[in-house]
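Subject: A structure for you to look at

Hello,

Here is the structure I promised to pass on. Please open it next to this email, and then read on for what turned up in it.

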Amino acid sequence: RTSRSSPGRRARMSAAMSAKARTVVKLSATTRKSRGGTGRRGATTRAANGEKPWGDSTQCVQNGERKEGRPRVSDSLTTPIVCTSTYHFKDTEELIAYQEGRYGSFEYGRYGNPTTKACEEKIRQLEGGEDALLSASGMCTATTMLLALVPAGGHIVTTTDCYRRTRQFIQTFLPKMGITSTVLDPSDYDGLEKALKENKCSLYFSESPTNPYLRCVDIERIVNLCKPTGCLVCIDGTFATPCNSRALDFGADLVIHSASKFMGGHNDVLAGVIVGKKEAVAACRQFHNILGGVIDPHAAYLVLRGLKTLSLRVERHNDSAMRLAQYLEKHPKIDKVHYPGLPSHCDHEVAKKYMKGFGGVVSFEVKGDLWATAKFIDSCELPYIAPSLGGVESLIEQPTVVSYWDQGPEKRAEIGIKDNLVRFSTGIEDYVDIEADIAQALEKI
């Protein structure tokens, strides 16, 4: 023990350990050198492979996605989802060509996306328009269109029966910009003529069919009144879809849709689109690029996919809704049915002029008060109690509760929303199951 702990013994052990450590360090350095240094490939090895002498981090970022590695996607059967926020150019000359309109690209994600562009082009052709612009939601489309096309101090003509948030924007936000509005019954064409004479109208805007009473407007008559005054005509065709009605064919300048509804068709996406004359859409696009209501490419793909079955689904929606409307109109516990395909609907003749099918939504009034109507809805087992429409699942709602509960009875009466009103969006379930479920629920009130 004494000899092992002597100073000489400790010195010899220390010298041996140091020598061993120097050997390990030397070997480690040699290994690193052969692998390209601390985290880098050797220039000789890289050059021999025809690769750039980049370090690990640079390789992680750059490799496999430049010219030599990026896969060819044009052969993909389905349109790829392009997830990028910006676009690159090979050189300054190409960038200048883009700026001068000689090279097609998008520059930045807020200005366009290949997936979104494919969806826009599909909708443009379905509607027969010159251009189309997809955005993050139906309301984004509507508000962008209104702000882009109506100048400060301008005047809008719109209709009484419409989506609540659209009315809210027109009547509470636009006045802050000095924009006034005339709100008319959808069939008040004398009132439209008067408004055009008394105001410098920039835009006529109406849904057709409307929400929730499914009123339909005479598009050609409206165009003939508005065109001489320079007033643009925009129709919200969400409830119709281009499979049932194409407003542009009858002279409208623009048509908009909440693509969240029938176009998407599966209750899984939010989107909006505006289609029509190139100059008008361009004005909307310019403002859209500033506001930034950009649709995510994944959402654009969902709309694109939904559009592929739009015609098939709309055919089923049309058929089920018509049969349901006819069934309900004869039912003793229903006061009134609102469906443009029925001869009893006040705009049936107008609807026949402009629509090939009458849509998948039926509104009706239950014989009873608010709570009897709520009991009927709660007794339904097939449809979901939910807002929205146009999806594969049937949806049912009581507008008083879903959209206007905060308004109070007096205000609801003023805008025509009845407590016993029900809106039913037919899905693509078997019609016999839809009818059977409605029948059993009506028996419980």
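Let me begin with a term: a nonpolar core is a set of buried Ala, Val, Leu, Ile, Met, Phe, Trp, Tyr and Cys residues joined through side-chain atoms within 4.5 Å. Buried here means under 20% relative accessible area, while exposed means over 50% and partly exposed lies in between, with a 1.4 Å probe and protein chains only.

Two notes on where the values come from. The model is predicted, so local features need pLDDT of at least 70 and side-chain atom pairs count only at pLDDT 80 or more, whereas totals for chains, interfaces and linings use all residues. Residues are numbered from 1 along each chain as its sequence is written, and side-chain values use heavy atoms, with hydrogens and water left out.

**The cores**

The largest nonpolar core has 73 residues, and Tyr204, Phe364 and Phe376 touch the most other members. Helix 12 (residues 310-329) gives the most to this core, with six residues. Helices (H or I, at least four residues) and strands (E, at least two) are DSSP runs, numbered from the N terminus. There is also a second, separate core of 21 residues, including Ile179, Phe205, Cys234 and Ile256. As a general point, nonpolar side chains in soluble globular proteins tend to be buried together.

Which residues does Phe376 contact, leaving aside its neighbours within four places in sequence? With contact meaning heavy atoms within 4.5 Å, the partners are Phe364, Val366, Ile396, Val422, Ile438, Ala441, Leu442 and Ile445.

**The chain as a whole**

The protein chain holds 17 helices and 12 strands, and 47% of its 445 residues are buried. Among contacts with a separation of 6 or more, 71% join residues 24 or more positions apart. The accessible surface (Shrake-Rupley method, 1.4 Å probe; for residues, only the protein chains shown count as cover) comes to about 22,700 Å², and carbon and sulfur atoms hold 53% of that surface.

**The pockets**

On a 1 Å grid over the protein atoms alone, a pocket is an open set of points where a 1.4 Å probe fits, with protein on both sides within 12 Å along at least five of seven lines; lining residues have an atom within 4 Å of a point. Grid points are joined across faces, edges and corners, and a volume is the space filled by probe spheres set on the points.

The largest pocket contains about 970 Å³ of space. Its lining has 25 residues, and Glu65, Arg70, Thr86, Tyr87 and His88 are the closest to the centre. By class, that lining has 11 nonpolar, eight polar and six charged residues. Ala, Val, Leu, Ile, Met, Phe, Trp, Tyr, Cys and Pro count as nonpolar, Asp, Glu, Lys and Arg as charged, and the others, Gly among them, as polar.

The second largest pocket has a volume of about 670 Å³. Of its 32 lining residues, Met139, Tyr163, Arg165, Asn211 and Lys261 lie nearest the centre. Helix 6 (138-149), helix 7 (164-173), strand 4 (201-207), strand 6 (254-258) and helix 15 (399-402) each give two or more residues to this lining. The classes here are 15 nonpolar, 10 polar and seven charged.

Have a look at the loop between strand 4 and helix 9 (219-226), where Val217 lies. Is Val217 buried or exposed? Val217 counts as buried because its relative accessibility is 0%. Val217 and Asp185 are 32 residues apart in sequence and 9.7 Å apart in space, C-alpha to C-alpha.

Pro209 belongs to this loop too, and the peptide bond from Ser208 to Pro209 is cis, with omega near -5°. Pro212 is likewise found there, and the bond from Asn211 to Pro212 is cis, with omega near 10°.

**Two positive phi values**

Most residues other than glycine have a negative phi, and most peptide bonds are trans. Glu107, in the loop between helix 4 (92-99) and helix 5 (114-127), has a positive phi near 70°. Ser388, in the loop between strand 10 (384-385) and strand 11 (395-397), has a positive phi near 80°. Glu107 is partly exposed, with a relative accessible area of 28%, and Ser388 counts as partly exposed at 23%.

Best wishes
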